[in-house]
Amino acid sequence: MKLLWKALLNLVFPEGPECPLCGGRRRGEDVCGKCRKIIDGYGKEPYCARCGRYAGKGAVFPSVAVHFCYECRKHSWPFVRARAAGPYESVLKDAIHRFKYTGRRSLAICLARLMAEAACAGPVFPHLDLALPMPLSNEKLRRRGFNQAALLAKEVGSLLQIPVSEGLLVKDFETSPQAGLPRAARESNLMGAFRVTDSGALRGRSILIIDDVFTTGSTMSSAASVVRKAGAGQVFALTAAAGRYF
Ligand SMILES: O=C(O)c1cc(=O)[nH]c(=O)n1[C@@H]1O[C@H](COP(=O)(O)O)[C@@H](O)[C@H]1O
């Protein structure tokens, strides 16, 4: 019976190519049913309305629709709010690793689609004038061969119909990878690393900064601060994944 049902399903909805997230079989255009369920589940999880990070096990949050994590209640950010497609774990984490470290550039399309979904889930971002990818240093760019944030920004920009400018925000020198550094070191690690090349192009404009991951927010915060100092209006942030707060 199960086999017959599968054969019938295959006739009506022939199996498509691999799911870009998990590599399993999918029938539609998007991700496979299993990954779709995981992603939709993330959309129902509690998250901080400011930094967009997801509540971890044991996190204390008020039982109201809009809440801020402990850090965002104490601390202000140079961006108005940040959002992500989901937490940095499971299929999203695996996909980001394959994208970034094994050069599967085509994953930008799928990840950007999930990011655009998160951006459109309610009045998250107002009118946006321009999207800026998180820059890599020239050294890192040469080594990796591509900037993962720039690939994501290109796709997100076309889905959300926002112009994307690469080269307005640059990273002048290579810094130690953020992963593995304690929080305080993550902030000082990036000091003076970002620069805006043409502040006139940002003045008064509403900016979306795009990156792959938001963990402590130090990278996004450093970049957003430089963009604000260059005269931008409001700054928002969008990443493929965000950490959890506890
Ligand atoms: O290159 C990195 O700094 C980096 C290495 C790594 O293994 N994982 C990782 O998330 N990152 C970057 O670290 C930043 C997120 O860390 P926070 O600055 O703590 O939010 C993003 O720009 C990531 O691209």
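This is a predicted model: local features need pLDDT of at least 70, side-chain atom pairs count only at pLDDT 80 or more; totals for chains, interfaces and linings use all residues.
1. Helix H4 (90-101), strand S6 (207-214) and helix H9 (218-229) each put in at least two residues. S6 gives the largest share, with four residues.

2. On composition, the shell splits into five nonpolar, six polar and five charged residues. There are 16 residues around the ligand, and the ones that come nearest are Arg186, Asp211, Asp212, Thr216 and Thr219.

3. The side chain of Arg186 has an N or O atom 2.5 Å from a ligand oxygen. For Asp212, a polar side-chain atom sits 2.7 Å from an oxygen atom of the ligand. Gly217 uses its backbone instead: an N or O atom there is 2.8 Å from a ligand oxygen. As for cover, the ligand taken alone exposes 510 Å², and the protein buries 87% of that.

4. Where does the ligand sit? The space it takes is the largest pocket.

5. Last, the annotation. UniProt, in an unreviewed entry, places "domain: Phosphoribosyltransferase" at residues 150-236. In the model, that span is 34% helix and 18% strand, and its end C-alpha atoms lie 16 Å apart.

Key. Residues are numbered from 1 along each chain as its sequence is written. Side-chain values use heavy atoms; hydrogens and water are left out. A residue is near a molecule or strand if one of its heavy atoms lies within 4 Å of it. A polar contact is a pair of N or O atoms within 3.5 Å; within protein, one must be able to donate a hydrogen and the other to accept it, and residues adjacent in sequence count only if both atoms are side-chain atoms. Accessible areas come from the Shrake-Rupley method with a 1.4 Å probe; for residues, only the protein chains shown count as cover. On a 1 Å grid over the protein atoms alone, a cavity is a set of points where a 1.4 Å probe fits but cannot get out, and a pocket is an open set with protein on both sides within 12 Å along at least five of seven lines; lining residues have an atom within 4 Å of a point. A molecule sits in a cavity or pocket if more than half of its atoms lie within 2 Å of its grid points. Ala, Val, Leu, Ile, Met, Phe, Trp, Tyr, Cys and Pro count as nonpolar, Asp, Glu, Lys and Arg as charged, and the others, Gly among them, as polar. UniProt positions are given in the numbering used here, feature names are shortened, and annotations may be inferred rather than shown by experiment.
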